[in-house]
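Trainee: I have just opened this model and would like to get to know it. Could we go through it together, one question at a time?

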Amino acid sequence: MKKRWIPLLLTLGLVFSIPVSALKAEDFKQGKLSGLAVAEDGALLVSDTYNKVVWRVEGETVTQYAGAISVAGLSGEPTAVYHDAVADKAYFKEPWDVERFLTGYAVSDADANVVRYIMNGRVYTLAGSSKVGSSDGADKTASFNRPTGLTADADGNLYVSDTGNGSIRRIAKDGKVTTLARGLNAPMGLCYYDKALYVAETGRSRIVKVTLSGGQVTPFAGVSDAAEEAGEYYGGFVDGALNTARFDHPQGIAVDADGTLYVADTGNSAVRAIRGNRVDTIKRASDAELMPNSPRGVAVKGDTLYVTDGFAGSILAISVAKNTFADVPNDAWYAAPVSRAVQQGIVSGMSKTEFAPDTSVNRAMFVTLLSRVEQIKDGTAILDGDTTFSDVAAREWYSSAVRWAADAKIVEGSDGYYRPDDRITREELATMLYRYASSQKLSVTAPDDALAEFSDQDAVNTWAVDAMRWACGRGIINGIDGTLQPGAPATRAQAVKMLVSFMEAYQL
């Protein structure tokens, strides 16, 4: 079933996601980019499984950091060779990931079944015999089966996703390899945070947590269903609570300084964020925006998340700044909701530095915001419908959202008109949310006296009483200085706060 997507631009602002320094696939010789790491000097190191090299990206300049491109095979792809040497004469078979480690950089060479090491201008074999196996031991006495993801802890240990063996291996500073955890289904990307590893268990379409002391494996985020064939699992695409969210064979994961996890959800062509107790989508490919198509590597540098796209052969840069708006003070009552809504792609700023919290919201804007909540809740939802209004042209930026909401009985017109440019009032906004909750079969019960504390409760229109009572009872509306102000135009700050409070109330 084909998905219909609502444009994310125009009146609501821009999503600031751009290719790194306008680099194109040609800059990487049409490579298939995989893992990446932030080098000590701030440049990016990127592994390329097609050209079988590690690239260095600094600004708009791309150079080969390690590995030589071998002669092309019959298919045109450079042949796979395993050879240690000085950096520009060494060969990799399939460099999958790259990670800062001790005084150099580790590279997982998946097809060679070894972990390589770049230091002082040379490429060495750090661990692995090059033969498929699962033996622990020192240096080349150990064996792997397609090592992929890499991460290092604060004590100088390197961790490896031994994908073919379904295990997590540890390489100590002295080169000794031990097995930390077993029994995983094709683990790939992994990252270290606060004495634990977070692993993209690709085969089971979920994220698991592995403790460093004892190697205990516990599910962390994402659920999946077993397929008909043993050992296979179905992925999905659902945002929300950790124990109900769904991924589709994620391959990469990285962590921010505040503990936010970013996941390359490869099967969904999406980048997801895990904050606190929920999963949100921060970027997904669409008919209008083709990247990320096949995300794999993720790395955080300051306020920017870098994502490799193997299909496009390029890198996506996504702003993950918590608050870049000069008109949203950090202590404002709407600061946290705005930050969350922007990072989830529900709303964006009028510019990179202006959110305009006091600007009123019209009916076209709010129904579009609400449709994005639906897309977050159910990534397979078709945001379109059959209902038409005489004042809503077929191809306006909000048209699909209006048709979707009208079909679902979330919005109603008047004499065949929707009035998209009319400012939405606080009670109208509450009513749309109330109807949306009802359409999703969510409980809309509320205490009978939920409006009693407000001095202007009698100003609520009869048609909005149930919705306002529900919104107040659920903490979606808190009032303004003891009043509801039901007929007042809702501002962007108020609309975002109500939407986020609604999502939190129902753990969406």
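Mentor: Gladly! Helices here are DSSP runs of H or I with at least four residues, numbered from the N terminus. Please keep in mind that the model is predicted.

Trainee: Thanks! In which helix is the place of T431?

Mentor: Look for the helix that covers residues 426-439. T431 falls within that run, and the helix is α4.

Trainee: Is T431 buried or exposed?

Mentor: The cut-off for buried is under 20% relative accessible area. T431 has a relative accessibility of 5%, so this residue counts as buried.

Trainee: How far apart are the end C-alpha atoms of α4?

Mentor: Start from what to expect: at 1.5 Å a residue, the 14 residues of α4 should span 20 Å. The distance in the model agrees with that expectation, because the end C-alpha atoms are apart by 20 Å.

Trainee: How many of the residues of α4 are buried, and what covers them?

Mentor: The helix is mostly covered, with 11 of its 14 residues buried. Among these are L429, M432 and Y436. The cover includes α2 (363-377), α3 (399-407), α5 (465-473) and α6 (492-505).

Trainee: Which residues have the most contacts inside the largest nonpolar core?

Mentor: That core has 65 residues. The helices α1 (335-343), α2, α3, α4, α5 and α6 each supply at least two residues of it. Those with the most contacts inside the core are F366, L433, W470 and F502.

Trainee: L433 is on that list. Which residues does L433 touch?

Mentor: Residues up to four places away in sequence are again not counted. The contacts of L433 are F366, L370, W470, I476, M498, L499 and F502.

Trainee: How many residues are in the other core, the one that lies apart?

Mentor: Among its members are A43, A66, A85 and I118. This core lies apart from the largest one and has 15 residues.

Trainee: Let's turn to strands. Which residue of β28 is the bridge partner of V300?

Mentor: Strands β27 (residues 295-301) and β28 (residues 304-309) run antiparallel and are joined by 5 bridges. They form a hairpin with 2 residues between the strands, where G302 takes a positive phi near 60°. The bridge partner of V300 is L305.

Trainee: On the pairing with β29, which residue is the bridge partner of T308?

Mentor: β28 pairs with β29 (residues 314-319) over 6 bridges in the antiparallel sense. This hairpin has 4 residues between its strands, and G313 in the turn has a positive phi of about 65°. The partner of T308 in β29 is I315.

Trainee: Which are the edge strands of the open sheet of 4 strands?

Mentor: The order of that sheet is β16-β17-β18-β19, with antiparallel pairing. An edge strand pairs on one side only, as do β16 (187-193) and β19 (217-221).

Trainee: Is K409 buried or exposed?

Mentor: K409 is found in the loop between α3 and α4, and has a positive phi of about 65° although it is not a glycine. Most residues other than glycine have a negative phi. With a relative accessible area of 63%, over the cut-off of 50%, K409 counts as exposed.

Trainee: What about Q30, whose phi is also positive? How does Q30 count by accessibility?

Mentor: Q30 has a phi near 60° and is found in the loop between β1 (17-19) and β2 (33-38). Its relative accessibility is 48%, so Q30 counts as partly exposed.

Trainee: Last one: how far apart in space are S130 and V115?

Mentor: S130 lies in the loop between β10 (122-127) and β11 (137-138), and touches Y82, A112, N113 and V114. S130 and V115 are 15 residues apart in sequence, and their C-alpha to C-alpha distance is 9.2 Å.

Definitions and conventions. Residues numbered from 1 in each chain as written. Predicted model: local features only at pLDDT ≥ 70, side-chain atom pairs only at ≥ 80, totals over all residues. Heavy atoms only, no water. Buried < 20%, exposed > 50% of the residue type's maximum accessible area, 1.4 Å probe, protein only. Expected span 1.5 Å × (residues − 1). Contact = heavy atoms within 4.5 Å. Pairing = 2+ DSSP bridges. Core = buried A, V, L, I, M, F, W, Y, C linked by side-chain atoms within 4.5 Å.
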